[in-house]
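Here are my notes on the model, in numbered points. Please keep the structure open beside them as you read.

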Amino acid sequence: MSAGTGRGFNWLNAAPWVYTIGLFVIWEVSVRAFGIAQYILPAPSVILNAIVEFWPAIWKNSLQTLYTTTVGFLLAVVGGLALGLLVGWSKTIYAGLYPIMVGFNAIPKVAIVPILVIWFGIGTIPAVLTAFLISFFPIVVNVATGLATIEPETEDVLRALGAKKMDIMLKVGIPRSMPYFFGSLKVAITLAFVGSVVSETVASNTGLGQMMSAAQSQFNVPLVFAGLIMLAVEGIAMYALMAWIERRTTGWAHRGQMAQ
Amino acid sequence: MAYPLVTISNVDMRYGGAEGILAVKDLTLSVAKGEFAAVVGPSGCGKSTLMKLVTGLHIPQSGVVMVAGERVTRPVSIVGMAFQNPTMLPWRTTLDNILLPLEIVERHRKRLRANKAEYVAKAEKLLETVGLKGFGSKFPWQLSGGMQQRANLCRALIHEPDLLMLDEPFGALDSFTREELWCVIRDLHAAQGVTIVLVTHDLREAAFLADKVFVMSSRPGRILQERRVPFERPRDLDILYKPEFNDLVHELRGAIAEARIAV
Ligand SMILES: Nc1ncnc2c1ncn2[C@@H]1O[C@H](COP(=O)(O)OP(=O)(O)OP(=O)(O)O)[C@@H](O)[C@H]1O
Ligand SMILES: [Mg+2]
């Protein structure tokens, strides 16, 4: 963990923990010092109590949200990769689909949930689909960008050798778009949580979104915050996983850190 | 000299449709097999366009480009190309970068898998020739700019092209590295009998390496002058400091200065 020398404390590695703990300490102290009411801003200790007290429900709903988010996200990965390759492949397809995708992306996804409910009923499926719809776009755009920004010289060198479009895609385009793709996963997973929680809040019987909106209607503010904390934890964990995958798969794109 | 490997006759090339930029006009030149030709001219005069016409990356609107006795209507695979930008693929090791053309060129890609060892040996030999022995396993970004450009030359040569097209390959290098690579190219040309067309801004480079130098007019480009380089081969870097050499460079400089004024 520490950076080899043995002497001194590695502040860089410790910083994320120190700052996070610091935030909670300031929060706790402020709430107590200013006597802020529990139903406005509960102190971290109160939230922790709520987490312990309602743990079975929190755990169940957290798993549900993680499940819908992950499924929606995986669909977005598959669909986004496929559509991104298609869009990056041909200028015509790109020109045709781009305005449609931009328009589609501009629609607030919360407005789509009611339609999904009409089609699929309330519950897991609208949450999965909302997560999918919201996290799909950055993946498509990034993959297509990777393909579209092949250096013309590289393409010329290969075409002069008799390379077909397919060769250029396989040898250059796809490997080149991988860092863009894996980079977009970090954005996409975060958005996927937004999608699933929005859908759960509006139309579901399970999940953290539904749990929080139910708690809110009962003025159980500590439980609302407990839900937020769980979402943050899940979000950070998934983000870290994506960042790890990114580093493992496309280390060459982070050359500075890799060069020994 | 042998029969011409490259002939360009009365070629016009316009970019971007009928109203677009006329890059070269009435371009005519020929390069014999085994010859080393250099192309010099003002910036933007159509030198890179010339390279793309010869390799079949662009097809001219009028006129004929012939390579190895055949009219060029699509990319010709007997060429190797190198640009100023080395364009090594960062996810491949230097060795795998050099082997890349073999995965593309029709007659090699079928044999590559079965004869991998043979090709790897060949690539390593090329690396040794350009002074990069033992660097095959490094990634391009672990090499300096000059080393990448050396690797780039290896990549252009791995499939044993009959024609090597170099577009300002040494433009971004310091003068010591440049002179070193001049010698590498000179020796490759002498040893392999490959025909080379070199585009350059550096008149000393043209005069040192080439058998003949084409001077192009400013856009739309055509050949103003074809200048034979009289110096005996093998040439040594010492000739850079001979008066005859400087006279030739001076003359070329004058021709380009004129080309920039006259349209
Ligand atoms: N893809 C393109 N589309 C439109 N115009 C182009 C294109 N490529 C080149 N041109 C134009 O054609 C002319 C000749 O370009 P070219 O690249 O051949 O010049 P060059 O002699 O290689 O210049 P330099 O010495 O700066 O490399 C330029 O005026 C340029 O504007
Ligand atoms: Mg050029």
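1. A word on terms before the first helix pair: contact means heavy atoms within 4.5 Å, and helices (H or I, at least four residues) and strands (E, at least two) are DSSP runs, numbered from the N terminus. In that sense, A:Val113, A:Leu116, A:Val117 and A:Phe120 of α5(A) meet A:Ile125, A:Pro126, A:Leu129 and A:Thr130 of α6(A). By class, this contact has seven nonpolar residues, one polar and no charged ones; Ala, Val, Leu, Ile, Met, Phe, Trp, Tyr, Cys and Pro count as nonpolar, Asp, Glu, Lys and Arg as charged, and the others, Gly among them, as polar.

2. Some housekeeping: this is a predicted model, where local features need pLDDT of at least 70 and side-chain atom pairs count only at pLDDT 80 or more, while totals for chains, interfaces and linings use all residues. Residues are numbered from 1 along each chain as its sequence is written, chains are lettered from A and ligands numbered from 1 in the order in which they are written, and side-chain values use heavy atoms, with hydrogens and water left out.

3. Back to the helix pair. The axes of α5 (residues 113-120) and α6 (residues 124-148) of chain A come within 9 Å and cross at roughly 135 degrees. Axes here are lines fitted to C-alpha atoms, for helices over the stretch in contact, and angles run from 0 to 180 degrees between N-to-C directions. α5(A) and α6(A) are therefore oblique to each other, given that angles under 35 degrees count as roughly parallel, over 145 as roughly antiparallel, 65 to 115 as roughly perpendicular and the rest as oblique. The crossing of α5(A) and α6(A) is right-handed, that is, the near helix is turned clockwise from the far one by less than a right angle.

4. Chain A as a whole has 11 helices and zero strands. Its C-alpha atoms fill a box of roughly 75 × 65 × 30 Å along the principal axes.

5. Which side chains meet in a salt bridge at 2.7 Å, N to O? They are those of A:Arg32 and A:Glu28; the term means a side-chain nitrogen of Lys or Arg within 4 Å of a carboxyl oxygen of Asp or Glu. Being four residues apart in helix α1 (residues 11-34) of chain A, the two are separated by about one helical turn. Over all chains, the structure holds 18 salt bridges.

6. In chain B, four strands form an open antiparallel sheet in the order β2-β1-β4-β5; two strands pair if DSSP finds at least two bridges between them. The edge strands are β2 (21-32) and β5 (70-71) of chain B. Eight bridges join β1 (residues 4-15) to β2 in chain B, and B:Ile8 has B:Leu29 as its bridge partner.

7. Another open sheet of chain B has six strands with mixed pairing, ordered β6-β7-β8-β3-β9-β10. Its edges are β6 (79-83) and β10 (223-228). Four bridges join the parallel strands β3 (residues 36-40) and β9 (residues 212-216) of chain B, with B:Val39 opposite B:Phe214.

8. Please look at the backbone too. Most residues other than glycine have a negative phi, and most peptide bonds are trans. B:Asp26, in strand β2 of chain B, has a positive phi of about 50 degrees. The peptide bond from B:Arg219 to B:Pro220 is cis, with omega near -5 degrees, and B:Pro220 lies in the loop between β9 and β10 of chain B.
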